[in-house]
Amino acid sequence: MRRRGVGDRRPRAAALGALVLTGFMVPAVAGAQDGGSDAADAPVELPALTVTGQGETALTPVTGYVANRQATGTKTDTPLIEVPQSISVIPADQIRDQNAQSLNQIVRYTAGVTPETRGAVSTRYDQLTIRGFDADTYWNGLKLPSLYYAAPQIDPFLLERVEVLKGPTSVLYGQSPAGGLLNQVSKRPTATPLNELGFELGTNDHLRGTADFSGPIDAEGRFLYRFSAVGLSEDGQFRTTENERVALAPSFTWRPDADTSLTLFGFYQRDPRSNSYGGVPPEGTVLPNPFGRIPVDFYDGEPDFEKFDRTQKSVAYDFDKRFNDTWSVRLNGRWLRTEADYDSVYANGLQPDFRTLNRGVATSREEMDSYTFDNQVQGRLATGRVQHTVLAGFDYQRLDGTYAPGFGVAPSIDVFAPVYGQPIVRPETSRTDLKGNQYGVYLQDQIRFGGFVLTLAGRHDWAETERTTEFGKASQSDQALTGRAGLTYLFENGIAPYVSYAESFNPQSGTDFAGNLFDPEEGTQYEVGVKYQPPGTNSLFTAAAFEITRSNLLTSDPAHPGFSVQSGEARSRGIELEAKMAVTDRLDVIGAYTFLDTEYTEDNDGREGFRLAAVPRHQASGWAMYRVPEGSALEGLSLGGGVRYTGSTVNAANTFKVPSFTLVDAAVTYDLGSLSPKLEGAEVSLNAKNLFNKEYVASCYFGEWCAYGYERSVTAGLRYRW
């Protein structure tokens, strides 16, 4: 029989990289005695050993596409089916099969998520929405803060999984938008040796190299290491633009005993270039233009002026101590520094001649240090027949940053016959020093009685912000109480209906006409749903209906022009369906559908009753990956394909629609070990995104700005694992 190659799912032992063995229990059997012709058949008694360990956890790798556990929705290691809120988990196997190379690409097949809301200019930022609203990005459970243009981004090759928590999340994470959050979980050191090298090339002069090494340092397995790295160079979709990246992620784990673990994470990522952040006008893209359609590779900037250089450095720790069967503590912390140099010339509206594009110029120099800590005490208790998982925590976030933006006017350009090289006057800049602190205390109880799981949580936050400019200093302080309540019932047949309520808050800067500081924006969500995990199968089916309301939004003050009041409100209602299943050991299938009804329900700027911009009513997707069985003529071959449908959207003024589009992706891999034992561990792959090169506009997010979506990209790769 052929040995397992890199084209197959990872061996279970490798998947349980966090497994701790203190022995191995085998039944006592009689063994052979010396002498006698039947000695070989005689039973022999062996000494008994003992094993204690863990199966899949919220941190261990997932074999296939179906994760059973999560930590993002509860901050405890809890089965997905017990959490009374929608969560989607995208494991590393799915990321690899689809060759996703950005967070947007990772969530393309996830219900409730609208990725790439800025189309092909989403390269440098993780711009997307969840259930129609903005969402935060997290890394190993700790928030990734943004400044102005300095927003962190983590390369997907460094990740083990991404967990998408949908809807308000403030009860566990503090200030956050109402859409939810995406938690990116890093690869960790493994107890089983792992070595992998990869190289790929593709369209637009794409070159990418990857490396991943892990395993124990000592014979006892108390010290583990991992080192992951990626390098990228390619042309951007828009003329004269480029993407470049180097990322390194060393990590180290110390496990002095089965109940104690300390993992240290290092991180360095440099993005000296990152495509463009411009756009195209609606006339000539989604609206008629007498001169025809603007080319999909049109670049609205200036090559000699364009600059995006981002550097990120981080050191983090994760400490876990289990005192006994009841009590444990977890301590997490991270320092992250982000630096960004930003220069851009961008589209700013088409003139009446339908070909002369007005342009603006923006520049900024930024640096930011963030310190994030989350300390938790967990208890697993029983009061009679009622089981409790109690979590108490204190977290703290600090941000020290400086940004110096400037804006001006750039020379216009002909969109159908662009001439670059025009002189750009760098605008004057104004420096702002920003300091922010957030403290939060939270308490959660997961109460289990029979088939019922009642989840109750509450939190209190204190947020402080101080801005210093040449005009003086301004500070703001906010407090907020948030909560969540949810009830799940677990039937023995794997069906788990649930109902929940959750809240969020997000501070807003500024004052009204009377000089009163604005209150934080508030978000509330009501959700009902059902999760189904048929016993004995590797599958998970979910359905959810929800309503999210954002209140305290800023809108014009009718009595005092030029000032704002907090009477604005927006709502999102919808239905989500998602299925992930291993139909057989050789076939993985994903399906998702989302319906969203979004609306401004209260507004003084004429938007009341408007749909939210760039949010489709309907989205649907499906993906399948099939691996040819061993022993067949095509042994070693794997075939994958997917379809993504995004319905029509509207611009901010609701004056026109952006047409719907359907895209097709494909993947082919071949395990070279099927040809010869000498090639064991080698795999070749071919991936195509937007296979039929559909030309489409992803969205029109402001009145004069639209964005083309990604053209077809094809990559061919070679991976070797040993």
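Buried means under 20% relative accessible area, exposed means over 50%, and partly exposed is in between. The model is predicted.

**Stop 1: two positive phi values**

Select N693. With a relative accessible area of 34%, N693 is therefore partly exposed. Look for N693 in the loop between β34 (682-689) and β35 (697-702). Its phi is near 55°, a positive value in a residue other than glycine. Most residues other than glycine have a negative phi.

Now go to D205. Phi of D205 is also positive, near 55°. D205 lies in the loop between β11 (194-202) and β12. Is D205 buried or exposed? Its relative accessibility is 55%, so D205 counts as exposed.

**Stop 2: salt bridges**

Side chains of opposite charge can pair when their charged atoms come close. The model has 53 salt bridges. Start with D97 and R627, whose side chains meet at 2.8 Å, N to O. This pair links distant parts of the chain, 530 residues apart. D97 is in helix α2 (residues 92-97), and R627 is in strand β29 (residues 618-627). Both D97 and R627 are buried.

Select R322 and D259 next. Their closest N and O atoms are 3.0 Å apart, in a salt bridge. R322 sits in strand β16 (residues 307-322), while D259 sits in the loop between β14 and β15, 63 residues apart. R322 is partly exposed, at 36% relative accessible area. D259 is partly exposed too, at 29%.

Then show R208 and E200. Their salt bridge spans 4.0 Å, N to O. R208 has a relative accessible area of 8%, so R208 is buried. E200 is buried as well, at 6%. Which residues are linked in a network of salt bridges? Select D155, E200, R208, R245, D271 and R310 to see the network.

**Stop 3: the largest cavity**

Rolling a probe the size of a water molecule over the atoms shows where empty space is left. The count comes to 13 cavities of 30 Å³ or more. The largest cavity has a volume of about 590 Å³. It is lined by 40 residues, and the closest to its centre are Q105, T123, E234, N243 and Y710. Colour the elements that each supply at least two lining residues: α3 (103-106), β12 (206-216), β13 (223-235), β14 (242-257), β15 (260-274) and β37 (713-721).

**Stop 4: two open sheets**

Switch to a cartoon view. Strands of a sheet pair through backbone hydrogen bonds, either parallel or antiparallel. Five strands form an open sheet with mixed pairing, in the order β3-β9-β10-β7-β8. Its edge strands are β3 (87-91) and β8 (142-143), each pairing on one side only. Zoom in on β9 (residues 159-166) and β10 (residues 180-186), an antiparallel pair with seven bridges. K166 has G180 in β10 as its bridge partner.

The other sheet is open and antiparallel, with three strands in the order β4-β5-β6. β4 (113-115) and β6 (133-134) are the edge strands. Two bridges join β5 (residues 128-130) to β6. I130 stands opposite F133 in β6.

**Stop 5: a nonpolar surface patch**

Select F449, F452, L454, L456, L487, V499 and V528: they make a nonpolar patch of about 540 Å². Which strand gives the most to the patch? Strand β22 (residues 452-469) does, with three residues. V528 lies in strand β25 (residues 521-532). At 43% relative accessibility, V528 counts as partly exposed.

Technical notes: Residues are numbered from 1 along each chain as its sequence is written. This is a predicted model: local features need pLDDT of at least 70, side-chain atom pairs count only at pLDDT 80 or more; totals for chains, interfaces and linings use all residues. Side-chain values use heavy atoms; hydrogens and water are left out. Patches are made of residues with over 30% relative accessible area and no salt bridge: like charges are joined within 9 Å, nonpolar side chains (Val, Leu, Ile, Met, Phe, Trp, Tyr) within 5 Å. Accessible areas come from the Shrake-Rupley method with a 1.4 Å probe; for residues, only the protein chains shown count as cover. Helices (H or I, at least four residues) and strands (E, at least two) are DSSP runs, numbered from the N terminus. Buried means under 20% relative accessible area, exposed over 50%, partly exposed in between (1.4 Å probe, protein chains only). Two strands pair if DSSP finds at least two bridges between them. On a 1 Å grid over the protein atoms alone, a cavity is a set of points where a 1.4 Å probe fits but cannot get out, and a pocket is an open set with protein on both sides within 12 Å along at least five of seven lines; lining residues have an atom within 4 Å of a point. Grid points are joined across faces, edges and corners, and a volume is the space filled by probe spheres set on the points.
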